[in-house]
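Thanks for coming. Please have the structure open.

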Amino acid sequence: MNSLERKRYARDTAAAYLYLAPALIIIILFNLFPAFYALYISLFDTNLIGRWNWVGFGNYMELFRDVDFLKSLANTGKYVLGTVPVGMALALLIAWLLNKPIRGLATYRTAYFLPYVTPVVAISIVWTWIYKEDTAGMLNALLGFIGVEPQAWLLDPKWAMFALCLMSIWRHMGYNVVLFLAGLQNIPAEYYEAAEIDGASGWSMFANITWPLLSPTTYFILMVSIIGSFQVFTQVYVLWPSAQGGPLGTTRVVVRYLYDQGWGAFRFGYASAIGYILFAIIFVLTLVQRDIVGKRVHYQ
Amino acid sequence: MKRFMTVILMGTIVLASLAVGPSVAAGKTTITFWHAMGAQLGKTLEALVEEFNRQSPDVYVKAEYQGNYGALSQKIVGSLVARKPPTMAQVYGNWAAEYISGNELVPIQKFVKGPNGLSQLEIDDIWDGLREGCVFDGVWYTMPFNKSVYVMVYNQTALQEAGIDGPPKNWQELVNAARALTVRDGDKIVRYGFALRPNIDIFACFFFNAGGVWLDSQGKVAVNSPAGVTALQFMTDLLSKYKVAYYVPGYIDADFGAGKVAMYLTTSPGLSYTEKSVAGKFEWSAAPLPYMDTKFRSTPVAGTDLAIFSRASAAEQEAAWKFIKWLVEPRQTARWAMGTSYIPVRKSAMHLEIMRKWFAEHPRDLQSLQQLRYIKYDPNMAAWNNIRGDVSEAVEKVFLGKATPKEALDAAAAKANARLK
């Protein structure tokens, strides 16, 4: 590099950083700094106001003995298991149907995507009406036609988690469907034509062409869904405003507990520790997935 | 295009300067007051603030609505961390305890005993139970403001039809009335005599009236005392033994209005929701909480107090005190009570002409005030938020048949006391 080139290089680099600056500053200020600051305060017993007692890993140690926290972890686990597999299977089925040349395709596609672009708070309020415990509730009214007794969906410990999962699956469906649909359309039609000539059945086409070639999409959706499910909060907060979170605490998920320990109990250090435990869980799970599922992904 | 942008920019600057205009009232000390009073409550508060600003020669109060209590709490914490709190705000007792840990509040005591303070007569005029709830470690920190007590709402028409003279005064009468008011159609219950929510506040309505206290003489949480077990057993009996109470985790006013429930407990400002739900379909009224024994008569108190932040300048603190002092004068507290169904914090407000007239027209509101001598409040301790959860959990467990009152309350007390260390 001669001096002229060096000069130009320096100028270009400076310009690049200048262009990056608006995004960088926002990310550093509102994402990176808070993340590291939370790690720092998780080492204190603090209300952020006057109490700042150094406890080291005390908050983390306490978490392992906190029955409410352990229960919230279990609840979150149930939620992940209740939403991710069913949600993905349904999304794939719908995407497959929407990939066929049917009349009014655009309308269907829009209809499935609509819940995803509607704010969760609005959706949750609508679902409180759907789930209303007496026959005034839409779900109970519908089930009444086939002779099912009205259930207290949100108030019965038997049903609360089911109700939460059902609503969340519905809400995320559109997003997953769109991704699957894009994945399906990426598969070249020639493969199917060739398979047809060889006399392959519908199922073997799915198992040998669709499923392997769709695996990058499936892997991505699996990853994103699991991370998102671990962080569920808004719908829980709206459907069950009380701090106990649902009947007998059955729907108190980790982030709901974190929120209450921070803003309700003024234990911000403890809440930050919960945040970091959650981060650790998601991080480890993601690594495991990369090693186990990621290896089976078939990239074209 | 450039010209257009210039005009827009100029316009924005002019508008922005207008916006700060009126707040800088000439020669007055401006103070900010953060509150969470929306709708009708907010209107009443704004009217009072406006009147104060009109008549005060040297103080201008900027009342700023922050949204609900949750939002208010979050904004106050944020402002304290940023070292820019408002001059004063509405605060709950357990919030105040946190602020005090960082010396962020000026004890109201400093002003009460100061040159522009209150006489002993005026201090005694504030309901004792309310004042005591504002004391932290022996220091009087905050001023009671929007306080409410629990009352029992009853369907007068249904009571008359069942041949009952008046609302039940004690537990025995409550059971009898609830039985008489419960209407069955085969094995289906068409109307419940009573309704119960599974939370600590409704439990407190029975716990206190059985002689229970939250903390024993050693400062330990004593929910599992004989009084606690008796209270929870009584509530459970209403549900599952006599089968006269409806189990409702949410609000009850709609069921009451629909005639599905004949009696329930609510706070005094909750009466306005009852009014809306009933909408003239039947006669109804309110009564003091039923007690187990007359000597245990009591009611839990809820609501916030006013606090002055210590980061404000001395002049601002003094100005905030002038406003608070004015706000709890009998006439203002009476107006506040009439506009909101909160309770007036001064005893003498009850004897004001306007208040008497009001009671003549609104006999229900008088019922909550009859209990003011028997107020009991939650301990002002940082751990209380989580302890509330422990007790609510116990009540819910028992109502759903997962534990006996003794088991559930023992577990709650153990959990709660572990938090006190």
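In chain B, strand E1 (residues 29-35) pairs with strand E2 (residues 59-65) in the parallel sense, over seven bridges. A word on terms: helices (H or I, at least four residues) and strands (E, at least two) are DSSP runs, numbered from the N terminus, and two strands pair if DSSP finds at least two bridges between them. Opposite Thr30(B) you will find Tyr60(B) of E2(B).

This is a predicted model, in which local features need pLDDT of at least 70 and side-chain atom pairs count only at pLDDT 80 or more, while totals for chains, interfaces and linings use all residues. Residues are numbered from 1 along each chain as its sequence is written, and chains are lettered from A and ligands numbered from 1 in the order in which they are written.

What do E1(B), helix H2 (residues 39-55) of chain B and E2(B) make? They form a right-handed β-α-β unit; that is, with the strands pointing away from the viewer, the path from the first strand over the helix to the second runs clockwise.

E1(B) is also joined to strand E3 (residues 88-91) of chain B, by two bridges and in parallel. There, Trp34(B) has Ala89(B) as its bridge partner.

Now confidence, given as pLDDT, the predictor's confidence in each residue, from 0 to 100. Chain B has a mean of 90, with 94% of its residues at 70 or more. Within chain B, E3(B) is highest, at 97, and helix H1 (residues 2-20) is lowest, at a mean of 53. For the complex, the predictor gives an ipTM of 0.84 and a pTM of 0.87.
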